Amino acid sequence: MNKTTTAVKLLALGSTLVAMLGAVPNAAAQARGDWTVKAGFNKITPKVESGNVSAPALPNTKADVGTDSKPILNLAYFITDNIAAELDMGAPYRHKLFGADAIAGTGQLGTVDVLPPTLFAQYRLFGPDAVFRPYVGLGITYAYFRRERGSAQLTAVLNTGGPAATFSLESKWAASAQLGASFRLNERWSLDGGVIKTRLRTTATYSTGQTQAMKLDPVAVNLGVTFKF
């Protein structure tokens with residue numbers, strides 16, 4: 001009798017859990033016509049391959065670029081149940097530039113601010129009611145460089161004894177690829193994280209007349225919360 005009662009209770013509990021799991025996905029679909037906004041943090045790590053500073057300069061005068069993290073705000077619209085357009089925005093990143101190769105160890109050469117708004121076309125796997133939805137995206141980024149500032153070290157390297165050296169970086173369009181996933185918490189809120197790789201090339205121009213090709217190719221890692229409205 002006890003075994004029968006226990007079995008009945010377990011079956012009832014199992015039925016309840018199945019019903020609950022079945023009900024959760026239907027509570028909040030990200031489907032055609034929905035808008036979402038994502039707030040979180042993003043870390044950008046440039047994968048630098050620096051060219052040499054053009055003559056006159058010490059041979060193999062190269063540069064490296066540091067990482068930076070900033071808050072982000074992304075807006076997405078679901079064109080269909082599985083296809084979305086996403087605009088990635090956020091605060092300007094400030095990257096430090098350092099000497100490399102022949103001038104490694106000279107310290108910080110300067111800083112530069114960059115705004116990299118990116119527009120993605122995304123494909124979201126699984127149905128719109130799925131709790132876990134991986135996605136891939138392809139997009140276009142505009143890397144807008146501004147507020148370039150040279151340091152005393154830059155002047156020492158390029159213009160010893162002369163006026164302070166400055167530089168500028170050419171703003172560029174670039175292609176970006178995205179891989180991420182969202183995990184729905186309830187009807188409106190989800191956790192969302194992803195990785196973005198951008199193919200970015202630019203040119204540094206120095207006040208002393210030299211130029212330098214820079215392959216930056218940054219990798220961005222982000223994590224945030226998404227609200228559906």
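Predicted model: local features only at pLDDT ≥ 70, side-chain atom pairs only at ≥ 80, totals over all residues.
Residues are numbered from 1 along each chain as its sequence is written, and side-chain values use heavy atoms, leaving out hydrogens and water.

Side chains of opposite charge can pair when their charged atoms come close. Here, a salt bridge means a side-chain nitrogen of Lys or Arg within 4 Å of a carboxyl oxygen of Asp or Glu. By this rule the model has six salt bridges.

**Stop one.** Select Asp113 and Arg94, whose side chains form a salt bridge with 2.7 Å from N to O. This pair links distant parts of the chain, 19 residues apart: Asp113 lies in strand β7 (residues 108-115) and Arg94 in strand β6 (residues 93-101). Strands are DSSP runs (E, at least two residues), numbered from the N terminus. Now colour by accessibility: buried means under 20% relative accessible area, exposed over 50%, and partly exposed in between (1.4 Å probe, protein chains only). Asp113 is buried at 4%, while Arg94 is partly exposed at 40%.

**Stop two.** Next, pick Arg201 and Asp217, joined by a salt bridge of 2.5 Å, N to O. Arg201 sits in strand β13 (residues 201-206), and Asp217 in the loop between β14 (211-215) and β15 (219-228), 16 residues apart.

**Stop three.** Finally, select Lys172 and Glu170, which meet in a salt bridge at 3.6 Å, N to O. Lys172 is partly exposed at 28%, and Glu170 is partly exposed at 41%.

Key:
Helix = DSSP H or I, 4+ residues; strand = E, 2+ residues; numbered from the N terminus.
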